[in-house]
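User: Walk me through the packing here, please. Start with the terms.

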Amino acid sequence: QHHLPPQMWTNSINQANKMALLAWAKETGINLVQINGQRRYGGPPPGWVGDPPPAGTEVFIGKLPQDMYENTLIPLFQSVGKLYEFRLMMTFSGLNRGFAYAKYSNRRGAKEAIVAFNNFEVRKGCAIMVCKSTEKCELSMDGLATSVSRRELEAVLRQVTEGVLSVTLYASPCQKRAQLAVLKYSSHRAAAMAKKTLMEGNMRLGGVEMSVDWLNSDLKQKLQSCEEKPSSRKVQGGKCLGVPKHSPLSPVLHNVLDRLNTLCRRQHLGTPLFLTKCVQANPNGWQRFWCRVVIPGCPMPFSGFTWVRQDGPGRSGHEEAKVVLALQVLCMLGES
């Protein structure tokens with residue numbers, strides 16, 4: 001029995017339609033850009049002048065055959081109005097995920113697409129669904145440590161996501177001694193990319209695992225009836241941000257993180273905020289982490305990769321990775 005290498009295996013799936021797509025793109029000169037699990041045309045398209053279209057110009061397209069690509073879909077949806085952007089959600093294998101978004105230059109184009117193509121058979125027996133896109137732009141981030149301030153959280157988000165418009169902190173309605181943040185982004189696409197980035201790989205902020213989701217209307221109404229939580233710029237009690245109380249750090253680890261906190265406080269740099277993501281785990285217990293620490297008073301974040309091993313039940317790989325990065329930052333700041 002022979003096994004194809006992963007790249008050859010994915011290339012062999014739906015090969016005829018992939019070749020047809022490449023030929024169409026070459027013939028038309030249309031440029032498709034794939035990033036973060038979606039392939040995009042336009043946004044803006046060639047020759048576009050002025051601001052992006054207003055809200056209400058995007059439609060959601062569902063129930064797509066997974067082997068269908070832009071060479072069929074873009075001409076179809078372009079037939080009822082000028083497209084500003086077309087986004088097809090993709091799988092690792094090169095098939096589509098069954099849905100896409102088409103954004104028109106005006107609201108009339110979006111309405112025409114819904115009338116023309118909702119329940120339209122793109123292939124015999126394959127009727128698609130087309131409806132108005134909700135274009136959500138707000139996320140909820142629950143489980144933040146109570147010591148994290150709005151300014152510090154916003155500094156981290158601007159380093160790892162794009163299009164942040166505002167950050168609002170509330171006492172979490174679901175977790176004791178925790179905060180919930182409402183994050184507003186400049187567009188649905190920016191919010192969707194931020195959601196993917198923040199959720200991927202169980203990313204943690206300040207050592208605490210967070211839950212990130214779209215802000216639903218019930219939660220939004222509940223939060224609007226509460227007062228916004230005041231922003232605190234200081235670390236409470238001089239402790240490292242977000243260390244869970246049920247798994248205390250060893251004296252050595254606590255000392256390293258305290259030293260970094262103390263140094264930043266002494267130099268008026270603000271509280272360091274850590275973002276850690278496990279990217280590889282080996283059977284022998286070693287884990288590879290991508291780590292970043294954002295210090296508000298420093299112009300650039302400190303980031304890199306490190307291998308750590310979880311020793312003992314009271315310590316997570318995320319905490320070990322934080323310490324390795326903290327040691328590196330202390331060296332760079334001349335405090336080794």
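Analyst: Two strands pair if DSSP finds at least two bridges between them. Strands (E, at least two residues) and helices (H or I, at least four) are DSSP runs, numbered from the N terminus. The model is predicted, so local features need pLDDT of at least 70 and side-chain atom pairs 80 or more, while totals for chains, interfaces and linings use all residues. Residues count from 1 along each chain as its sequence is written, and side-chain values use heavy atoms, without hydrogens or water.

User: Which residue in E11 is the bridge partner of Ser140?

Analyst: Val182. Strand E9 (residues 138-144) and strand E11 (residues 179-185) run antiparallel, joined by 6 bridges.

User: What's the strand order in the sheet?

Analyst: E10-E11-E9-E14, an open sheet of 4 strands with antiparallel pairing. Strand E10 (164-171) and strand E14 (211-214) are the edges, each pairing on one side only. From one strand to the next, the twist averages 20 degrees.

User: Which strands does H6 lie across?

Analyst: Helix H6 (residues 188-199) lies across E9, E11 and E14, at about 155 degrees to E14. Angles run from 0 to 180 degrees between N-to-C directions, with axes fitted to C-alpha atoms, for helices over the stretch in contact. Helix H7 (residues 217-224) also packs on the sheet, touching E9, E10 and E11, and its direction makes about 115 degrees with that of E11. Contact means heavy atoms within 4.5 Å.

User: New topic. How do the axes of H2 and H3 cross?

Analyst: At roughly 50 degrees, coming within 9 Å; H2 is residues 15-28 and H3 is residues 70-78. That makes H2 oblique to H3. Under 35 degrees is roughly parallel, over 145 roughly antiparallel, 65 to 115 roughly perpendicular, the rest oblique.

User: Which residues meet there?

Analyst: From H2, Ala20, Leu21 and Trp24; from H3, Glu70, Asn71, Ile74 and Pro75.
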